[in-house]
Amino acid sequence: MTDILSELQWRGLVAQTTDEAALRAALNAGPVTYYVGFDPTASSLHVGHMVQLLNMRRLQQAGHKPLALVGGATGLIGDPRPTTERSMNSPEVVAGWVESIRKQIEPFLSFTGPNAAVMVNNLDWTAPMSAIDLLRDIGRHFRMGTMLGKDIVARRLASDEGLSFTEFSYQILQGMDYRELLRRHGCTLQMGGNDQWGNLLSGVELIRKTEQKAVHALATTLITKTDGSKMGKSEGGAVWLDPELTSPYAFYQYWLNTADEDAVHYLRVFTFRSREEIEALAVEVAERPFAREAQRALAYDITSLVHGTKATDAVIFASQALFGRGELRELDEATLRGAVGELPATTVCVGTSVVDALVGSGLVKSKGEARRAIAEGGAYVNNLKVSTEEQVLAVDDLLHGRFAVLRRGKRTLAVANATA
């Protein structure tokens with residue numbers, strides 16, 4: 001066992017605990033069985049979930065036993081959001097999302113060995129329970145004053161939207177999950193985001209009342225950017241772990257574009273680099289910010305964790321190839337599609353003039369400007385200089401039969417997408 005709690009604190013990941021001294025003693029004596037819940041409210045997890053996934057991995061590497069709960073039951077309800085009621089999804093949709101999320105969680109944990117991870121679904125013990133059983137056996141241990149005092153509940157009750165009994169009951173179900181995992185697996189620690197603190201305590205209190213046992217809760221710090229905005233959002237919306245929703249290229253670029261002020265903090269939160277490595281990168285940020293070494297390390301590590309080193313290396317090669325430092329034709333179609341997915345685009349067909357493609361993509365404002373760019377040697381198709389204003393896009397110019405990368409000057413890019 002290692003002093004994993006001190007490690008989490010150094011990384012800035014501990015917001016509050018039920019009893020820090022008791023939790024530290026339990027973790028140091030170990031092994032401790034712990035759980036984190038993930039509700040299937042979408043088909044994929046996003047980067048905001050990475051804090052919990054990586055914390056689960058850190059504790060397992062320290063010798064403790066993880067239970068990864070995918071909420072097939074709680075996902076049918078959804079925990080209260082700060083503003084409006086969640087949309088209800090059908091049981092079939094939620095069941096499909098459960099399987100997708102299980103597959104995303106699995107690579108982060110080890111399912112073999114003495115502290116092998118176990119995947120659980122709270123629908124297994126919730127579905128057989130009747131409404132009378134829930135009210136008599138569970139509901140009677142919850143006090144309305146405590147439930148109404150939860151921050152998120154109070155905010156929703158004060159809003160125009162209000163709060164339905166369905167979402168209000170979520171904290172009861174989460175409390176029941178903790179008790180069930182204690183009974184089935186000896187689980188004595190639940191972790192979650194600091195915005196879930198009230199729900200974490202629901203389980204602690206239910207266990208105290210019904211099992212006469214003291215168990216632990218650990219709330220992790222909510223990760224935001226230096227400007228106060230929520231981490232995990234890009235201009236296109238959430239940054240997903242599913243490569244079909246957020247390509248590995250876009251995922252890598254998201255981390256590469258981290259502000260200097262956030263880079264070192266994110267290295268502590270989202271990577272397994274040592275204190276010495278991170279402190280050395282902090283010096284790089286301070287003395288050579290233009291080199292972006294911290295951002296490169298961050299982007300490489302977390303993209304490799306999510307998508308694998310092969311995909312990450314392909315992304316880095318694609319980043320270089322777009323600007324003429326590699327051969328675009330060597331990129332596989334999925335990597336190239338991700339690389340050009342964020343670029344300004346125009347639709348072309350075989351025989352479209354390069355002049356028209358440059359104008360259509362927005363790289364230039366007029367045909368006259370396009371001709372001047374070509375005459376000055378500043379227009380490129382797939383990194384090859386356009387030699388004449390009469391040049392057209394040929395079949396061989398369409399990478400994978402679909403894409404032609406247009407460039408003006410050294411760094412201004414667009415993509416021409418071929419019609420069928």
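## Terms and overall fold

Two residues are taken to be in contact when they have heavy atoms within 4.5 Å. The structure described here is a predicted model, and its protein chain holds 19 helices and 13 strands. The C-alpha trace of that chain spans about 85 × 45 × 40 Å along its principal axes, and of its 420 residues 49% are buried. When contacts between residues at least 6 apart in sequence are considered, 72% of them join residues at least 24 apart.

## Nonpolar cores and Leu322

The largest nonpolar core comprises 72 residues, and Leu322 is listed with Met50, Ile105, Leu189, Trp255 and Phe270 as having the most contacts inside it. With neighbours within four places in sequence set aside, Leu322 is in contact with Tyr249, Leu328, Ala339, Val340, Asn383, Val405, Arg407 and Leu413.

## Packing of α16 against α17

Helix α16, which covers residues 309–322, and helix α17, which covers residues 333–340, have axes that come within 10 Å and cross at roughly 55 degrees; the two helices are therefore oblique to each other. The crossing in which α16 passes α17 is right-handed.

On the α16 side the meeting residues are Ala314, Val315, Ala318 and Leu322, while α17 contributes Thr335, Ala339 and Val340. Sorted by class, this contact has 6 nonpolar residues, 1 polar residue and no charged residues.

Terms used:
Residues are numbered from 1 along each chain as its sequence is written. This is a predicted model: local features need pLDDT of at least 70, side-chain atom pairs count only at pLDDT 80 or more; totals for chains, interfaces and linings use all residues. Side-chain values use heavy atoms; hydrogens and water are left out. Axes are lines fitted to C-alpha atoms, for helices over the stretch in contact, and angles run from 0 to 180 degrees between N-to-C directions. Helices (H or I, at least four residues) and strands (E, at least two) are DSSP runs, numbered from the N terminus. Angles under 35 degrees count as roughly parallel, over 145 as roughly antiparallel, 65 to 115 as roughly perpendicular and the rest as oblique. A crossing is left-handed if the near helix is turned anticlockwise from the far one by less than a right angle, and right-handed if clockwise. Ala, Val, Leu, Ile, Met, Phe, Trp, Tyr, Cys and Pro count as nonpolar, Asp, Glu, Lys and Arg as charged, and the others, Gly among them, as polar. A nonpolar core is a set of buried Ala, Val, Leu, Ile, Met, Phe, Trp, Tyr and Cys residues joined through side-chain atoms within 4.5 Å. Buried means under 20% relative accessible area, exposed over 50%, partly exposed in between (1.4 Å probe, protein chains only).
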